[in-house]
Amino acid sequence: MLNRTAFGDEKNAGNVLSKEAAHQLLNDWVKNERLQLHMKQVACLMKCWAAEKEGLSEADQWRWELAGLLHDADWDQWPDLHCIKIIEELESRDICPEIIRAIASHGPNHFGVNPVTKMDKMLFAFDELSGLTHAYSLMRPQGYAGMELKGIKKRFKEKGFAANVNREEIEDAMNRAGVELESIMQFIIERQGLAI
Ligand SMILES: [Fe+2]
């Protein structure tokens with residue numbers, strides 16, 4: 001639990017890291033390649049959603065992408081400080097509070113911060129489902145190519161498959177975002193492979 005309700009400073013609204021600085025932070029903090037890939041995949045989904053579904057400007061798309069790219073940045077080296085460390089880092093760099101807040105609310109049942117904005121809600125919605133979809137891609141000879149909705153729906157129902165992925169949390173995330181599970185699965189299937 002973060003035991004906080006305010007994140008960042010409003011005077012920093014719109015401030016972002018450059019692509020170079022964001023990838024530098026990712027490479028410095030996250031040595032686990034699988035985790036890096038997960039973060040890049042969630043970033044890709046966030047950017048695609050911001051562009052295609054929200055019709056946002058390129059600057060706003062980058063804010064969504066950045067939230068996805070850094071949401072688990074402290075998990076590799078500081079699991080006991082997960083979310084705390086990256087929030088403090090982004091606050092110290094005067095980053096836009098909306099980005100920090102989205103990261104803080106990506107696990108409401110763990111961090112005690114409810115997603116409020118669409119960016120918050122989509123980050124929560126993509127996070128676990130993206131992991132389940134990637135686990136499925138790894139057991140398919142052709143990875144993401146030719147992946148079908150019915151396949152991922154089947155894996156979702158098999159509790160033993162990617163057992164660490166919490167199905168109830170995914171359903172909670174879909175409800176909060178007001179989106180259909182199947183449509184998000186389809187969205188991920190079609191785009192997640194782009195991040196590899
Ligand atoms: Fe994540």
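**View 1. Leu35 is a buried residue in helix α2.** In this predicted model, Leu35 has a relative accessibility of 10% and therefore counts as buried (under 20% relative accessible area, with exposed over 50% and partly exposed in between, using a 1.4 Å probe and protein chains only). Helix α2 (33-52), which holds Leu35, is named by its order from the N terminus (helices are DSSP runs of H or I of at least four residues, strands runs of E of at least two). When neighbours within four places in sequence are set aside, Leu35 is in contact with Val30, Asp72, Trp75 and Asp76 (heavy atoms within 4.5 Å). Residues are numbered from 1 along each chain as its sequence is written. Local features need pLDDT of at least 70 and side-chain atom pairs count only at pLDDT 80 or more, whereas totals for chains, interfaces and linings use all residues, and side-chain values use heavy atoms, with hydrogens and water left out.

**View 2. Ala73 is a buried residue of the loop between α3 and α4.** The relative accessible area of Ala73 is 0%, and, apart from residues up to four places away in sequence, Ala73 touches Trp29, Val30, Met39 and Ile86. The C-alpha atom of Ala73 is 8.8 Å from that of Leu35, although 38 residues separate the two along the chain. Between the C-alpha atoms of Ala73 and Lys47, which are 26 residues apart in the chain, the separation is 18 Å.

**View 3. The iron ion is held by four protein donors, from His38, His71, Asp72 and Asp127.** The donor atoms are NE2 of His38, NE2 of His71, OD of Asp72 and OD of Asp127, lying 2.1 to 2.2 Å from the ion (donors are N, O and S atoms within 2.8 Å of the metal, or 3.2 Å for Na, K and Ca, and sites may look incomplete because water is not among the atoms). The angles among the 4 donor atoms run from 85 to 177 degrees, and the site is classed as irregular (tetrahedral needs four donors with all angles between 85 and 135 degrees; square planar with four, or octahedral with six, needs opposite donors over 155 degrees apart and all others between 65 and 115; anything else is irregular). Along the sequence, the spacing of the donor residues reads H-x32-H-D-x54-D. His38 in helix α2 and His71 in the loop between α3 (58-70) and α4 (84-92), 33 residues apart, link distant parts of the chain, and both histidines are buried.

**View 4. The largest pocket holds about 790 Å³ of space.** Among the 27 residues that line this pocket, His38, Asp72, Trp75, Glu128 and Asn164 are the closest to its centre (on a 1 Å grid over the protein atoms alone, a pocket is an open set of points, reached by a 1.4 Å probe, with protein on both sides within 12 Å along at least five of seven lines, and lining residues have an atom within 4 Å of a point; the volume is the space filled by probe spheres on the points, which are joined across faces, edges and corners). Two or more lining residues come from each of α2, α6 (108-111) and α7 (118-138), and α7 gives the most, with 8 residues.

**View 5. Ser105 is a buried residue in the loop between α5 (97-104) and α6.** Its relative accessibility is 0%. Beyond its neighbours within four places in sequence, Ser105 is in contact with Val113, Asn114, Pro115, Asp120 and Phe124.
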